[in-house]
Structure formats: C-alpha cells, structure tokens
Amino acid sequence: SLPIVLFNDDGREQLVWHDGRLVDGQGECPHTEPDVWNRDAVSMSPAYLGFAIEPYESRYLQYKGVGIAFARPCHGSFMQPSIDTILVCVGLDRIFAAGNLLFSRIIDAGTGSGFIGKFAAVKAPGDGRLSATLVDVDPAAADYCRTPAFGARPHGSGGREVAWRYLAGDAAQLLEDDANFDLVVSNPPYIPTKGEVEDDDLAQPSGFWEGCGLLVRLMELMLGGKFLPDAHLVVMVTSLTLKSQRVASLLDQAPAAGVRVR
C-alpha cells in the first residue's frame, strides 16, 4: 500500500488516504473518508493534521486526472512535488480552459518530479503532435521521468501524440540554444538571496531552493521575444520573489515589451 494524495480542482484542498494502492499504474483510494483532509493546502504541509512524507517515501499524487507514483531516487537531490507544483498546474488549467489557445512545443524547465510537465503535456490543447521536453540539472530527475512510476502518456488532449524528451542539464543554457517553445512552465527557486534583494544582482545561492537566476532568465527570454510568437510562460512566484530587484524590474518592463502579466 501507499498514500494517495489528491487535490480538488482549485488546488485549495488536499485529501490523503494512508492505505491506497496502484492499479494499472493509477492510484486507487479506499471507499472511505480520507484519513487527512487539509482544507487549506497552501499551508504547504499538513503535518499538523497527521500526514508528513519524506522525498524518498512512496506516494501517489494526483490532480485533475493526472498522477504520478513518486519516490525520489536515492541518488537524486531534486525537490519532491509540493503544493507549489499543484498551484502551477492550477494556473495551467485556467489557461487551457480559455479555449482559444493551441500549443505544439512545451518545456518544463527545472522539471524535478516532472509532474508539471506531465500535466501540461496531457492537458495542453492543440493539433498534431505535441513535443514535451523535461529538463533538470539533476540527472536523477530524467532517470525518474523515464520510469513506469512517472507514467508518461503517449497521447494527450484529443488523442494527439506526445513526443517526450528527458534531458539532464542546465535549462537556461538549453533555452539559449533553442527557445522555440510556445509553452514554458517552471517551478523554479524563487527565494531571492540577500544580494538579489539589496542589489540588481544574481548572487550565488547557498542552496537549491534559493536564488532567482532561472526565473530571471526565463523572464528575460520572454521579454526579449525569444520564444515562439504568442508563447506563454507559467511559473511559480510568491510575494517574497518580488523583493528581488531584477524580478521587479523585469515585471515593470513587461508592458513595454508587449508581455501581459497576470
């Protein structure tokens, strides 16, 4: 058995069954009330309600019909999925629901568990084959995304074919070489360093959760028109991120660059 972790459609409520199981690669929860019902999932951790899980521990995570059986490989250091992961997917779901957008080439920059990239690939509207690139500096992330536990689907919205690429490397450098994407998604490190707050600088972070370097580069590429026409950039930020002078400056420049921020 393994925990089944589900989120409601707006991502605000988290339901956990401690003793679920996998059936044909999909999580199946008992026909009972959840063991944990967190009605304020943005609180980040429901440990105070009786559920906490380490990155190496197995669980099945699902949002709007897309799920993964996740346990971080022992040689990995990338972050496990969190409420931030789900919130990015909520944003993607709102964009897809607009009904007037078509996507053909997506990239999940700093993919980690790959959940955001999988959600985008499964749900993105469009015609013909969809190219989905998942890239992370930690090779263990690409290793995990190739496994049956990740469960890459061969088809997406409307039955369109999905062509998957799993890459180990610097997402920013990859985009320098090839920025031809119409959907760029990321849950990047978003806590600015002291230097990024005090100066218009991208200081060397002390941990993988710190520093806005990847976020800033994605924003620069967007404002510079490097992505495909009408591209969308969907990223996770918080009010703390806005303390970065570089991030705040780029947001101020967005309207003049023809980029709408919402």
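I take a residue as buried when its relative accessible area is under 20%, as exposed when it is over 50%, and as partly exposed in between, with a 1.4 Å probe and protein chains only. Helices (H or I, at least four residues) and strands (E, at least two) are DSSP runs, which I number from the N terminus.

The model is a predicted one, for which local features need pLDDT of at least 70 and side-chain atom pairs count only at pLDDT 80 or more, while totals for chains, interfaces and linings use all residues. Residues are numbered from 1 along each chain as its sequence is written, and side-chain values use heavy atoms, with hydrogens and water left out.

**Entry: strand β10**

I began with β10, residues 183-186, and looked up each side of the strand in turn. L183 and V185 on one side are buried, and V184 and S186 on the other are buried too, which leaves both faces covered. In a regular strand the side chains alternate between the two faces of the sheet.

I then turned to pairing, where two strands count as paired if DSSP finds at least two bridges between them. Strand β7, residues 105-109, runs parallel to β10 and is joined to β10 by three bridges; here I106 has L183 as its bridge partner in β10. Four bridges join β10 to strand β11, residues 232-235, and this pair also runs parallel. Within that pair I noted H232 in β11 as the bridge partner of L183, V234 standing opposite V185, and V235 standing opposite S186.

**Entry: the sheet**

Which strands form the open sheet, and in what order? I read five strands, ordered β9-β8-β7-β10-β11, with parallel pairing. At the edges I found β9 (162-168) and β11, each of which pairs on one side only. From one strand to the next the twist averages 15°, where angles run from 0 to 180 degrees between N-to-C directions and axes are lines fitted to C-alpha atoms, for helices over the stretch in contact.

I counted a contact when heavy atoms lie within 4.5 Å. By that criterion α2 packs on the sheet and touches β7, β8 (130-136), β9 and β10, with its direction at about 165° to that of β7. Helix α6, residues 213-223, lies across β7, β10 and β11 and runs at about 165° to β11.

Why do I describe helix α2, residues 115-123, as largely enclosed by the rest of the structure? Eight of the nine residues of α2 are buried, so the helix is largely enclosed; among the buried ones I listed F115, G117, K118 and V122.

**Entry: helix pairs**

For α1 and α2 I found axes that come within 9 Å and cross at roughly 15°. That makes the two helices roughly parallel, since angles under 35 degrees count as roughly parallel, over 145 as roughly antiparallel, 65 to 115 as roughly perpendicular and the rest as oblique. Their crossing is right-handed, a crossing being right-handed if the near helix is turned clockwise from the far one by less than a right angle, and left-handed if anticlockwise. In this pair T85, I86, V88, C89, L92, D93 and F96 of α1 meet F115, I116, F119, A120 and K123 of α2.

The axes of α6 and helix α7, residues 245-253, come within 10 Å and cross at roughly 20°, and I therefore note α6 and α7 as roughly parallel to each other. The crossing of α6 and α7 is left-handed. L215, V216, M219, E220 and L223 in α6 meet R246, V247, L250, L251 and Q253 in α7.

**Entry: two single residues**

I looked up G91, which lies in helix α1, residues 83-97, and found G91 partly exposed at a relative accessible area of 23%. G91 and G11 are 80 residues apart in sequence, yet their C-alpha atoms are 9.9 Å apart in space.

**Entry: the record**

An unreviewed UniProt entry places "domain: Methyltransferase small" at residues 103-191; UniProt positions are given in the numbering used here, feature names are shortened, and annotations may be inferred rather than shown by experiment. Over residues 103-191 I read 26% helix and 26% strand, with the end C-alpha atoms 30 Å apart.
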